[in-house]
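Student: I would like to learn how to read the features of a model, one at a time. Could we look at it together?

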Amino acid sequence: MRDEILELLTYKNDRGHWYDIQKDWERTKTDLVSRSTDKLDKDNILKDDLYKVATELLQIATFGRILQTDDEDKIKNLPRLHLPYFMKQSLGASFKDLYDINTQKAYLKIDEKNEKFVSHTDHKVKSS
């Protein structure tokens, strides 16, 4: 699961997760393949299911929910007047095009910087 999530983080930005994974996943399933006992079919089903769960986890982390769409494939379960970062043109007072933002990568970088700062601060405190 960790590898699947890391792969999705590496190759997709927030826009890449902006779809109804449940609908997409249901379209790829056929009863014949889903109930197959063939090793290749079972391996493919496992891979597809892990991809679905990993995408759902990333949607929750990025958008605060698993996205759902209506019959016209428009996202239907976001709070009113809420836009994800990639649809915004600014954060606060500064203008920045966020169309290709990968929110989870940004969070990881912030965590790494905070961790370095905390360890550097701890080192200074301990040596004092």
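Student: Which residue forms a salt bridge with lysine 74?

Tutor: A salt bridge is a side-chain nitrogen of Lys or Arg within 4 Å of a carboxyl oxygen of Asp or Glu; in this predicted model, lysine 74 pairs with glutamate 72, their closest N and O atoms being 3.9 Å apart. Glutamate 72 counts as exposed (over 50% relative accessible area, with buried under 20% and partly exposed in between, using a 1.4 Å probe and protein chains only), because its relative accessibility is 60%.

Student: How many salt bridges are there in the whole structure?

Tutor: A search finds five, and a network of them links Lys23, Arg27 and Asp73. Another joins lysine 52 to glutamate 56 at 2.8 Å, N to O, and both of these residues lie in helix H4, four residues apart, about one turn of the helix; helices are DSSP runs of H or I with at least four residues, numbered from the N terminus.

Student: Are lysine 52 and glutamate 56 buried or exposed?

Tutor: Lysine 52 counts as buried at 11% relative accessibility, and glutamate 56 likewise counts as buried at 14%.

Student: Which residues make up the largest nonpolar core?

Tutor: Nonpolar side chains tend to be buried together in soluble globular proteins. Here the five residues are Phe63, Leu67, Phe86, Leu98 and Ile101, where a core is a set of buried Ala, Val, Leu, Ile, Met, Phe, Trp, Tyr and Cys residues joined through side-chain atoms within 4.5 Å.

Student: What should I keep in mind about these values?

Tutor: Local features need pLDDT of at least 70 and side-chain atom pairs count only at pLDDT 80 or more, while totals for chains, interfaces and linings use all residues. Residues are numbered from 1 along each chain as its sequence is written, and side-chain values use heavy atoms, leaving out hydrogens and water.

Note on methods
Helices (H or I, at least four residues) and strands (E, at least two) are DSSP runs, numbered from the N terminus.
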